[in-house]
Each structure stands twice: as structure tokens, then as C-alpha cells.
Amino acid sequence: MKHLPIFLFTVLFAISACGQQDKSKRPSPPAQVTQKITSGATLTIDYSQPSVKGRTIGKDLEPMAGKVWRTGANEATVFETDKDIKVEGKDLPAGKYGLFSIMNEDGSWTIIFNKTWKQWGAFSYKEADDALRVQVKGGTGDFSEKMNFMIDPSGKVSFAWGDKLVSFMVQ
């Protein structure tokens with residue numbers, strides 16, 4: 001009985017250590033991009049980089065047309081701004097947001113800023129928590145095996161994956 005506290009401590013420590021895996025060793029490793037844009041806001045995007053690996057986006061691989069996607073892999077992608085901004089001309093207050101998207105059948109994309117930024121994937125996504133939705137045109141670009149986000153100082157935010165290239169403007 002006197003060894004019970006030591007045993008419990010050891011078990012709790014082992015459980016905690018198992019939960020703190022090295023995220024850089026995941027098949028879809030973490031990445032981050034940060035940029036101060038001309039409006040003075042600093043934007044940061046934390047995401048995980050899925051790889052195409054010979055699969056077809058929209059068929060064997062997310063995003064699927066018409067379905068909410070976490071715009072990355074693993075945890076939901078997090079979009080953070082330190083100042084109030086406009087996204088495609090619509091107001092978005094300073095803060096952290098889950099960045100989701102929908103690839104629409106017509107080739108356009110719905111970009112979603114959700115108030116619940118800390119969640120796994122889109123499994124607990126709730127439309128009622130959306131802070132902002134904007135529509136943008138989708139495009140194509142050079143093939144990108146791993147998904148990448150880019151932020152231009154002008155405020156153009158883009159992500160490239162496979163042959164998909166999606167951009168939206170932030171001011």
C-alpha cells in the first residue's frame with residue numbers, strides 16, 4: 001500500500017510521455033508560415049502537410065467536393081492574426097481560427113474561419129461556430145507533392161497541393 005503513490009506516479013508519467021509524440025515524425029509533418037503584411041497585421045498559419053503519394057485529390061484523398069476539409073492533415077489548420085483584418089473584403093477580428101475549406105463542384109472554394117481552432121481534423125467542426133466564410137476561385141499550379149501555405153507581404157494567402165492552387169486576399 002505504501003508503494004501505491006509511486007506506482008500511480010509512474011503510470012501517469014508513462015501515459016503522459018506516450019501522449020507527447022514527436023509530431024515531426026508523422027507522415028504529414030507540422031509546418032508554419034508567418035508574415036507581416038502591408039496592412040500591418042502579422043498572419044500565422046499552423047498546419048500539417050499531407051502528401052499526395054500517387055493518389056488523386058477529390059477521389060482517394062481529401063478534399064472531397066462539397067465536404068468540409070481541415071485544409072491540411074492531423075489537427076485542424078490554425079489561422080491567426082494579431083490585428084483586425086479583411087478577408088476578401090469581409091471583416092475578421094484579431095484572433096485564432098480553425099481554417100477549413102470546401103472544394104465546390106464548380107471549381108470555386110469556400111474558405112472558412114471557424115471560432116473553434118483547437119480540434120482534430122473536421123470531425124467536431126460546427127458550422128454554427130463559423131466567424132467568416134468567403135468564396136474564391138480555385139486554380140491550378142505546378143504540382144506540389146506536399147501541401148504548402150504561402151503568405152505574400154501584399155496579403156495574398158495561398159495554398160498549393162497536387163495541382164490545386166487556392167488564394168484569398170487579406171488586408
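Predicted model: local features only at pLDDT ≥ 70, side-chain atom pairs only at ≥ 80, totals over all residues.
Let me start with the core itself. The largest one in this model has 33 residues, and those with the most contacts inside it are Phe79, Val87, Ile111, Phe113, Phe149 and Phe168. At least two residues of this core come from each of strand E1 (30-36), strand E2 (42-48), strand E5 (85-87), E7, E8, strand E9 (130-151) and strand E10 (156-169). Which strand gives the most to this core? That is E9, with six residues. Apart from this core lies another one, of five residues, which include Ala76, Phe100, Ile102 and Tyr125. As a general background, in soluble globular proteins nonpolar side chains tend to be buried together.

Now to the aromatic rings, where the count comes to eleven aromatic pairs. One of them joins tryptophan 69 and phenylalanine 159, whose rings are 6.1 Å apart centre to centre, with 65 degrees between the planes, and this pair is edge-to-face. Because tryptophan 69 lies in strand E3 (residues 68-69) and phenylalanine 159 in strand E10, the pair ties together parts that are 90 residues apart in sequence. Are these two residues buried or exposed? Tryptophan 69 has a relative accessible area of 2% and is therefore buried, and phenylalanine 159, at 3% relative accessibility, counts as buried too.

A second pair to look at is phenylalanine 113 with phenylalanine 168: the ring centres are 5.8 Å apart and the planes stand at 85 degrees, so this pair is edge-to-face. Here phenylalanine 113 belongs to strand E8 and phenylalanine 168 to strand E10, so that the pair ties together parts 55 residues apart in sequence. Both phenylalanine 113 and phenylalanine 168 are buried. If we leave out residues up to four places away in sequence, phenylalanine 113 touches, among others, Phe79, Val87, Leu92, Tyr97 and Phe168.

There is also an aromatic cluster, formed by Tyr47, Trp69, Trp109, Phe149, Phe159 and Trp161. E9 and E10 run antiparallel and are joined by eight bridges. Together E9 and E10 form a hairpin with four residues between them, and in the turn glycine 155 has a positive phi of about 105 degrees.

I would like to end with two asparagines. Asparagine 114 is found in strand E8, and with a relative accessible area of 0% this residue is buried. What does its side chain reach? The side chain of asparagine 114 comes to 2.9 Å from the backbone nitrogen of threonine 116, and it also makes a polar contact, at 2.8 Å, with the side chain of aspartate 130. Not counting residues up to four places away in sequence, asparagine 114 touches several others, including Tyr97, Phe100, Tyr125 and Asp130.

Asparagine 104, by contrast, lies in the loop between strand E7 (95-103) and strand E8 (108-114). Leaving aside neighbours within four places in sequence, asparagine 104 is in contact with Trp109, Thr110 and Gln135. Glutamine 135 is 31 residues from asparagine 104 in sequence, and their C-alpha atoms are 9.7 Å apart in space.

Note on methods
Residues numbered from 1 in each chain as written. Heavy atoms only, no water. Contact = heavy atoms within 4.5 Å. Buried < 20%, exposed > 50% of the residue type's maximum accessible area, 1.4 Å probe, protein only. Polar contact = N/O pair within 3.5 Å; in protein donor to acceptor, adjacent residues only side chain to side chain. Core = buried A, V, L, I, M, F, W, Y, C linked by side-chain atoms within 4.5 Å. Phe/Tyr/Trp six-rings, centres within 6.5 Å; stacked < 30°, edge-to-face > 60°. Pairing = 2+ DSSP bridges.
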